[in-house]
Amino acid sequence: MKFNIYEINGKVVKDNDTYILEDNTTLNNLVVSSTLLKPFQETRGHSHEGKEEVYFFLRGRGEMTIDDTTFGVSAEDVVTIPDGAFHKVKNSTGAFLYFVCVFEGKRNH
């Protein structure tokens, strides 16, 4: 299936004061998820035992934490998240931060 990276043809999973989260679950084993993180907001952070993830940052800037390491992220960055690593994203600007991630299995957070 082909889709635009800014319109992943998924279902809105969460829409609140922090972000808009959308999941495309058309594949059997992988989920393609987009997050529009609102200005000055951050995700709660979580980990997935037995799962790796890849984040593709497409718009905006912010910070990402993986376990005990925090680093800047911006458009065109790709971040790989190891199996079981705690991770979270913070939007430290007044603009939206948009990223797409790919992970195996079903959403558990």
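Is Glu 42 buried, partly exposed or exposed? Glu 42 counts as partly exposed, because its relative accessibility is 34% and the class lies between buried, under 20% relative accessible area, and exposed, over 50%, with a 1.4 Å probe and protein chains only.

Good morning. The model before you is predicted, so local features need pLDDT of at least 70 and side-chain atom pairs count only at pLDDT 80 or more, while totals for chains, interfaces and linings use all residues. Residues are numbered from 1 along each chain as its sequence is written, and side-chain values use heavy atoms, with hydrogens and water left out.

Let me stay with Glu 42. Its side chain meets that of Lys 88 in a salt bridge, at 2.6 Å from N to O. The term requires a side-chain nitrogen of Lys or Arg within 4 Å of a carboxyl oxygen of Asp or Glu. By this rule the count comes to 1 salt bridge. The pair links distant parts of the chain, 46 residues apart: Glu 42 belongs to the loop between β3 and β4, and Lys 88 to strand β8. Strands here are DSSP runs of E with at least two residues, numbered from the N terminus.

Lys 88 leads us to the pairing of strands. Two strands pair if DSSP finds at least two bridges between them. In general, strands of a sheet pair through backbone hydrogen bonds, either parallel or antiparallel. Lys 88 in β8 stands opposite Thr 65. Strand β5, residues 61-66, runs antiparallel to β8, and 4 bridges join the two. With β6 they form an open sheet of 3 strands, in the order β6-β5-β8 and with antiparallel pairing. Its edge strands, each pairing on one side only, are β6 (69-74) and β8 (87-90). From one strand to the next, the twist averages 25°, where axes are lines fitted to C-alpha atoms and angles run from 0 to 180 degrees between N-to-C directions.

Other strands pair as well. A hairpin through 3 residues joins β1 to β2. β1, residues 11-15, is antiparallel to β2 and joined to it by 4 bridges; within this pair, Lys 14 stands opposite Leu 21. β4 pairs with β9 in the antiparallel sense over 6 bridges, and Phe 56 has Val 100 in β9 as its bridge partner. β4 is also joined to β7 by 4 bridges, again antiparallel, with Tyr 55 opposite Val 79.

Which residues touch the most other members of the largest nonpolar core? Among its 17 residues, they are Tyr 55, Phe 57, Met 64, Val 79, Ile 81, Val 89 and Phe 99. Such a core is a set of buried Ala, Val, Leu, Ile, Met, Phe, Trp, Tyr and Cys residues joined through side-chain atoms within 4.5 Å. Elements giving two or more residues to it include β2, β3, β4 and β5, while β9 gives the most, with 4 residues.

Consider Phe 99 from that list. Not counting residues up to four places away in sequence, its contacts include Ser 33, Leu 37, Tyr 55, Phe 57 and Val 89; contact means heavy atoms within 4.5 Å.

Ile 5 is partly exposed, with a relative accessible area of 35%. Beyond four places in sequence, Ile 5 touches Leu 58, Tyr 98 and Val 100. Ile 5 and Leu 58 are 53 residues apart in sequence, and their C-alpha atoms are 8.7 Å apart in space.
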